Amino acid sequence: MKAAALALIAAGIVLAFYGVNAMNSASSSLSRFFTGAPTDRAIWLLLGGVALLVAGLAILLPGFRKH
């Protein structure tokens, strides 16, 4: 269970990193210029990364599993 939690945390960090890079890309800047919002891809990468990170951390919490 601990290995799965660490894998979720690692995947969350990677997705969040790609999301931040996508937010700073030229296409996202162009989208922000015309629509006022970054691209959908950047938003989904960030949301997915945060969700995986939170899920991994929740699994590692002491009260998550009942013995």
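**Aromatic pairs, fold and one serine**

Guide: In this predicted model, Phe-33 and Phe-34 are both exposed.

Visitor: How many aromatic pairs does the structure hold?
Guide: A pair of aromatic rings is described by the distance of the centres and the angle of the planes. Ring centres must lie within 6.5 Å to pair, and on that basis the number of aromatic pairs in the structure is two.

Visitor: Is the pair of Phe-17 and Tyr-18 stacked or edge-to-face?
Guide: The ring centres of Phe-17 and Tyr-18 are 6.0 Å apart, and their planes stand at 65°. Planes over 60 degrees apart count as edge-to-face, so the pair of Phe-17 and Tyr-18 is edge-to-face.

Visitor: What is the angle between the planes of Phe-33 and Phe-34?
Guide: Phe-33 and Phe-34 form an aromatic pair with 5.0 Å from centre to centre. This pair is edge-to-face, and the angle between its planes is 80°.

Visitor: Which accessibility class does Tyr-18 belong to?
Guide: The relative accessibility of Tyr-18 is 47%. The buried class ends under 20% and the exposed class begins over 50%, with partly exposed in between, so Tyr-18 counts as partly exposed.

Visitor: Where in the chain is Ser-28 placed, and is it buried or exposed?
Guide: Ser-28 is placed in helix α2, which covers residues 26–35. Its relative accessible area is 0%, and because buried means under 20%, Ser-28 is buried.

Visitor: What is the radius of gyration of the chain?
Guide: The C-alpha atoms fill a box of roughly 55 × 15 × 10 Å along the principal axes. A compact globule of 67 residues would have a radius of gyration near 11 Å, whereas the chain has 15 Å.

Visitor: What share of the residues counts as buried?
Guide: The accessible surface of the chain comes to about 4,800 Å², with 73% of it belonging to carbon and sulfur atoms. Of the 67 residues, the share that counts as buried is 19%.

Conventions
Residues are numbered from 1 along each chain as its sequence is written. This is a predicted model: local features need pLDDT of at least 70, side-chain atom pairs count only at pLDDT 80 or more; totals for chains, interfaces and linings use all residues. Side-chain values use heavy atoms; hydrogens and water are left out. Helices (H or I, at least four residues) and strands (E, at least two) are DSSP runs, numbered from the N terminus. Buried means under 20% relative accessible area, exposed over 50%, partly exposed in between (1.4 Å probe, protein chains only). Rings of Phe, Tyr and Trp (its six-membered ring) pair if their centres lie within 6.5 Å; planes under 30 degrees apart count as stacked, over 60 as edge-to-face and the rest as tilted. The radius of gyration is taken over C-alpha atoms; the globule rule is 2.2 Å times the number of residues to the power 0.38. Accessible areas come from the Shrake-Rupley method with a 1.4 Å probe; for residues, only the protein chains shown count as cover.
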